[in-house]
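Here are some notes to read alongside the model. They go point by point, and each point can be checked against the coordinates.

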Amino acid sequence: LPIVPVKLLIHYCGSRTKYDAEGEIDPQQKGGDLSYKGRRIPIYGDCITFRNEQIAFLEEERSHSSVGYQSLYNSATYIRVGYDLFREIRILLTVGQPPENADIPTLEMHIALLRNLIVGSGARLLEIPPIPAGYTFIACLTHDVDHPSIREHKWDHTMFGFLYRAVIGSLLGVLRGRVPVRHLFTNWAAAARLPFIHLGLAKDFWYDFDRYLAIEKDSDSTFFVLPFKGNPGMTASGPAPQIRASNYGAADIAERLQTLVASGREIGLHGIDAWIDSARGQEEMAQIATITGAKNIGARMHWLYFNESSPVALEKAGFSYDSTVGYNQTIGYRAGTAQVYKPLQATNLLELPLHVMDTALFYPDYLNLTFEEADRRIGEIVDYARQFGGAVTFNWHDRSIAPERLWGEFYAGLICGLKRKGAWCSSAGTVVSWFQNRRSVVFKQTGHGLEVARTKIDSASGKNFPGLRLRVYNLGRTGENSSQRYVDSALSGDTKIRLDSSSLATHN
């Protein structure tokens, strides 16, 4: 190895290099599962293992062969890791993980491993953790508005699907012990009222999604709204299925949307073609802007249509963020992270990944979970968020609190549980703005040491949001987090923190 004046050298590479000793490298393999402190880290690129007896901290799961070891070289700590970290991150942020690995926050595991290697060597490390001051993690509350009115559905697949699930599906659910009896009676009563709803003699129980205001109380949320009715849009290879077309457009529910805006909620675009055509994206965004008066508008694509070129198309159209990267069929980490990130193809657009969708939890064609099972699965994701930080993004569709789904009680309990666990619950635009604040932090070398400052960015909603914290590892001080080897300091407003060799100094 070259002689460099460092105390710690970490070397990532998924193939043999000239610095690796002869006979100590096993044949290269594509992908695999690694084990680090009892947790799995999937690898999607090239990976190699080492035949040596030095200190191994990372193993290939099946063979238990070393994928990472530590040694001394020229008085420095030398750490060799048998995969390409940057290629792994690129794959996660562009291609994403397959559904079978959805429950693993792979990118967070890579960060944790790297952090532990640096901190374990005794080197000082500074970071702005993705955790708002005063909270343990972020819960981003969102709603896709797909079917705001059952009166708009006459003799179509949506109406017949509702009747089947309300009448037959509810009965089967009760017989199998998966649906409460009271839900059966509620759904049967709703099915009986359907003719009167179409005649205008009864209230449309789907046109009541502003009930979310009562459930969420003082927590903000985002409603992603379809711009135009009757347009299924395009796929990468041609017209999308006609079933993708909506029976409403944003103009049809303009009054209700303005009520939500007046209540402090954010309205975003539930895009049709914005993911593939920037000109159409501008037309779709203009429809939302005309109704809401908003200047900064975010997007989530209908049916989660997305590809590697989508960030460029959305940025060119003028969107401030996107929240499409997630799974239809399961819950978890498609991008391997709960952090807001900038897609590699974009310049300014930020991606707020989607983690938990109600239909993925409860639909028979997807996970088909009971409420108890869903609560456990969500709890696992929340536990990771409390450990690593970041924003867990939830998508509860507009009609999911109404018959025939009746998932409103579960959602209300979910909100209460998130707050009990220390979550800051807010809308997509505000959460993205908080991460923009975090990204604005500047580290400057001065004559007094290292100075940390930030540039204040107002939230998209015009409301204040929690501050940031500076975390310093191996500062040489003891305190409440001394067992974790770090010290936290508040970083809010125009506060600056100066770090010298052994202390922190705060000034405005």
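**Notes on the predicted model**

1. E404 sits in the loop between β17 (391-395) and α11 (408-420). The peptide bond joining P403 and E404 is cis, with omega at about 5°. L406 has its place in the loop between β17 and α11 as well, and its phi is near 55°, a positive value in a residue other than glycine. Most residues other than glycine have a negative phi, and most peptide bonds are trans. L406 counts as buried because its relative accessibility is 11%, and the cut-off for buried is under 20%.

2. A positive phi also occurs at N74, a residue other than glycine, where the value is near 50°. N74 belongs to the loop between β5 (66-73) and β6 (76-81). Is N74 buried or partly exposed? With a relative accessible area of 46%, N74 is partly exposed.

3. The strands β5 and β6 belong to an open sheet of 6 strands, in the order β1-β6-β5-β4-β2-β3, with mixed pairing. At its edges are β1 (8-12) and β3 (39-47), each of which pairs on one side only. On average, neighbouring strands of this sheet are turned by 25° against each other, direction ignored. Within the sheet, strand β2 (residues 29-36) and strand β4 (residues 55-60) run antiparallel and are joined by 2 bridges. L34 has E60 of β4 opposite it.

4. R40 is a residue of strand β3. R40 counts as partly exposed because its relative accessibility is 38%. Which residues does R40 contact, leaving aside its neighbours within four places in sequence? They are D33, L34, E61 and I104. For one of these, E61, the C-alpha atom is separated from that of R40 by 7.8 Å, and the two residues are 21 residues apart along the chain.

5. Helix α1 packs on the 6-strand sheet. The helix touches β1, β2 and β3, and its direction makes about 100° with that of β3.

6. Two packed helices are described by the angle between their axes and the distance between the axes. For helix α1 (residues 85-94) and helix α2 (residues 106-120), the angle is about 155° and the axes are 10 Å apart. This makes α1 roughly antiparallel to α2. The crossing in which α1 passes α2 is left-handed. On the α1 side the contact is made by L85, E88, I89, L92 and L93, and on the α2 side by T106, L107, H110 and L114. By class, the residues of this contact are 6 nonpolar, 2 polar and 1 charged.

7. Helix α2 also lies across β7 and β21, and runs at about 140° to β7. These two strands are part of an open sheet of 3 strands, ordered β7-β21-β22, with antiparallel pairing. The edge strands, each pairing on one side only, are β7 (125-127) and β22 (486-491). From one strand to the next the twist averages 20°. Strand β21 (residues 468-473) pairs with β22 in the antiparallel sense over 6 bridges. L468 has L491 in β22 as its bridge partner.

8. A further helix pair is formed by α3 (residues 157-175) and α4 (residues 181-198), which pack at an angle of about 160° with their axes 8 Å apart. The two helices are therefore roughly antiparallel to each other. The crossing of α3 past α4 is left-handed. From α3 the contact takes M159, F162, L163, A166, V167, S170, L171 and V174, and from α4 it takes V181, L184, N187, W188, A190, A191, L194 and H198. What is the make-up of the contact of α3 with α4 by class? It has 13 nonpolar, 3 polar and no charged residues.

9. Finally, strand β18 (residues 423-426) is covered on both faces. A423 and C425 lie on one side and W424 and S426 on the other, and all are buried. Strand β8 (residues 137-145) pairs with β18 in the parallel sense over 4 bridges. C425 in β18 has A139 opposite it.

Terms used. Residues are numbered from 1 along each chain as its sequence is written. This is a predicted model: local features need pLDDT of at least 70, side-chain atom pairs count only at pLDDT 80 or more; totals for chains, interfaces and linings use all residues. Side-chain values use heavy atoms; hydrogens and water are left out. Buried means under 20% relative accessible area, exposed over 50%, partly exposed in between (1.4 Å probe, protein chains only). Two strands pair if DSSP finds at least two bridges between them. Axes are lines fitted to C-alpha atoms, for helices over the stretch in contact, and angles run from 0 to 180 degrees between N-to-C directions. Angles under 35 degrees count as roughly parallel, over 145 as roughly antiparallel, 65 to 115 as roughly perpendicular and the rest as oblique. A crossing is left-handed if the near helix is turned anticlockwise from the far one by less than a right angle, and right-handed if clockwise. Contact means heavy atoms within 4.5 Å. Ala, Val, Leu, Ile, Met, Phe, Trp, Tyr, Cys and Pro count as nonpolar, Asp, Glu, Lys and Arg as charged, and the others, Gly among them, as polar.
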